[in-house]
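The sequence and structure come first.

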Protein chains: 2
Amino acid sequence: MSDGAVPVVATQAGKFIDFHFDFISPYGYFASRQIESLAARHGRTVRWHPFHMRAVMKDMLGMTQAMADVPLKGAYVRKDVHRMARWLELPYAPAPTASFSSVTASRMLCLIQEADAFAGARFAHAVFHSHHALGRPPNSWTDAQALAAQSGVDAASLVEDEHGEHARDLFRQATADAVAKGVWGTPTFIVDGEMFWGCDRIVQLDEWLRHGGW
Amino acid sequence: MSDGAVPVVATQAGKFIDFHFDFISPYGYFASRQIESLAARHGRTVRWHPFHMRAVMKDMLGMTQAMADVPLKGAYVRKDVHRMARWLELPYAPAPTASFSSVTASRMLCLIQEADAFAGARFAHAVFHSHHALGRPPNSWTDAQALAAQSGVDAASLVEDEHGEHARDLFRQATADAVAKGVWGTPTFIVDGEMFWGCDRIVQLDEWLRHGGW
């Protein structure tokens with residue numbers, strides 16, 4: 001997503017945390033539950049950037065296997081996500097990863113953000129919560145519309161026949177823009193041009209903002 | 001390395017941190033500089049387990065590219081390692097990664113450990129320091145012997161013609177044993193059957209030991 005497409009609601013002009021994620025990522029979900037309080041501590045505003053992780057893995061990283069299918073690493077991650085959720089005291093009861101296609105919800109997020117960045121953030125939380133905490137992956141446009149309505153968005157205006165193609169273009173551009181910035185994993189945070197990958201780097205990101213780098 | 005091959009010097013019987021690494025890994029080096037003080041805080045002893053990361057990447061993870069050559073991710077890591085070193089206030093001026101073959105030093109570590117686990121730990125620190133802090137990769141048997149001598153090991157007894165083949169077998173077995181335990185990345189820590197991957201998980205490992213899990 002180009003910066004121009006996001007209506008910016010700044011706490012201080014130009015003081016952002018750019019948060020790049022794919023809704024399907026459990027570590028993205030864990031980060032989503034911590035990033036706003038971190039941003040608030042530093043007088044910053046979170047900009048939410050969905051991107052298509054599977055496309056980046058395939059096209060950029062040369063990875064064709066889902067992480068869960070990689071020998072050894074898959075088994076580690078399947079256990080680690082539950083341990084991480086307990087550590088952070090977050091609700092975590094996801095539907096099977098393979099049952100969630102995050103593309104439709106990501107497209108709708110791009111569409112909502114065009115009109116209202118705050119509404120986009122509320123919707124993003126609702127999508128993460130629905131899949132990762134409630135085990136209800138919002139796969140269809142109708143599913144995503146229902147979450148939009150719960151997030152205070154005028155969901156009746158989000159008609160797929162009218163806006164679906166534009167939403168698809170927005171999300172495709174968002175993924176291209178993320179790659180152009182050097183994003184390759186989820187979650188990724190960018191502050192003042194400095195990039196941090198992984199929800200286990202939130203402590204380091206916090207320190208970076210406190211000290212203005214090192 | 002089978003546990004039986006390591007002369008165990010326990011602070012409390014059975015209270016270990018199993019530390020798995022490849023000397024070539026900068027994150028392994030960063031971990032090596034933190035793990036012993038962490039272990040001491042919890043009354044544990046570090047067991048040092050070298051393994052052949054490149055073999056595991058190729059044979060188990062299906063990765064044929066060195067991390068530094070992966071688009072986007074490589075660029076991130078090349079920057080991140082310096083930022084991490086500054087954060088931890090560790091000396092970091094490595095030789096180019098491609099100039100270091102960690103296999104010989106790993107084989108010698110296995111050999112030294114057979115006789116003396118403490119000497120092995122001192123030698124492991126010397127190897128990490130030589131490549132990552134001084135930019136002097138100990139590639140040859142003679143290089144590794146010199147570091148062994150500096151570590152208080154009877155280096156004259158480490159004759160390649162006599163012990164080289166046995167050392168090779170030990171290291172091959174160490175890699176197989178690591179994989180059998182589920183290790184797939186460097187660094188990896190195992191405590192009481194619980195596995196943590198990455199030097200950015202040392203905080204979480206510390207909490208795990210403090211609380212006895214969660």
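How much area is buried between chain B and chain A, and what percentage of it do carbon and sulfur atoms give?

## Interface

In this predicted model, about 3,000 Å² is buried between chain B and chain A, and carbon and sulfur atoms give 57% of that area. B:Leu72, B:Tyr76 and B:Trp87 supply 22% of the area that chain B buries against chain A, more than any other three residues. The contact involves 31 residues of chain B and 31 residues of chain A.

Eight salt bridges are counted between chain B and chain A. One of them joins B:Arg83 to A:Glu194, with the closest N and O atoms 3.1 Å apart.

The same surface serves both copies, as 100% of the contact residues of chain B recur in chain A.

## Second largest pocket

The second largest pocket holds about 370 Å³ of space. Its lining has 24 residues, and those nearest the pocket centre are A:Asp200, A:Ile202, A:Val203, B:Asp200 and B:Val203. By class, 13 lining residues are nonpolar, five are polar and six are charged.

Both chains contribute helices to this lining: α2 (35-41), α4 (73-88) and α9 (202-211) of chain A, and α4 (73-88) and α9 (202-211) of chain B, each supply at least two residues. The largest share, four residues, comes from α9(A).

Technical notes. Residues are numbered from 1 along each chain as its sequence is written. Chains are lettered from A and ligands numbered from 1 in the order in which they are written. This is a predicted model: local features need pLDDT of at least 70, side-chain atom pairs count only at pLDDT 80 or more; totals for chains, interfaces and linings use all residues. Side-chain values use heavy atoms; hydrogens and water are left out. On a 1 Å grid over the protein atoms alone, a cavity is a set of points where a 1.4 Å probe fits but cannot get out, and a pocket is an open set with protein on both sides within 12 Å along at least five of seven lines; lining residues have an atom within 4 Å of a point. Grid points are joined across faces, edges and corners, and a volume is the space filled by probe spheres set on the points. Ala, Val, Leu, Ile, Met, Phe, Trp, Tyr, Cys and Pro count as nonpolar, Asp, Glu, Lys and Arg as charged, and the others, Gly among them, as polar. Contact means heavy atoms within 4.5 Å. Buried area is the accessible area (1.4 Å probe) that two parts lose on being put together, summed over both. A salt bridge is a side-chain nitrogen of Lys or Arg within 4 Å of a carboxyl oxygen of Asp or Glu.
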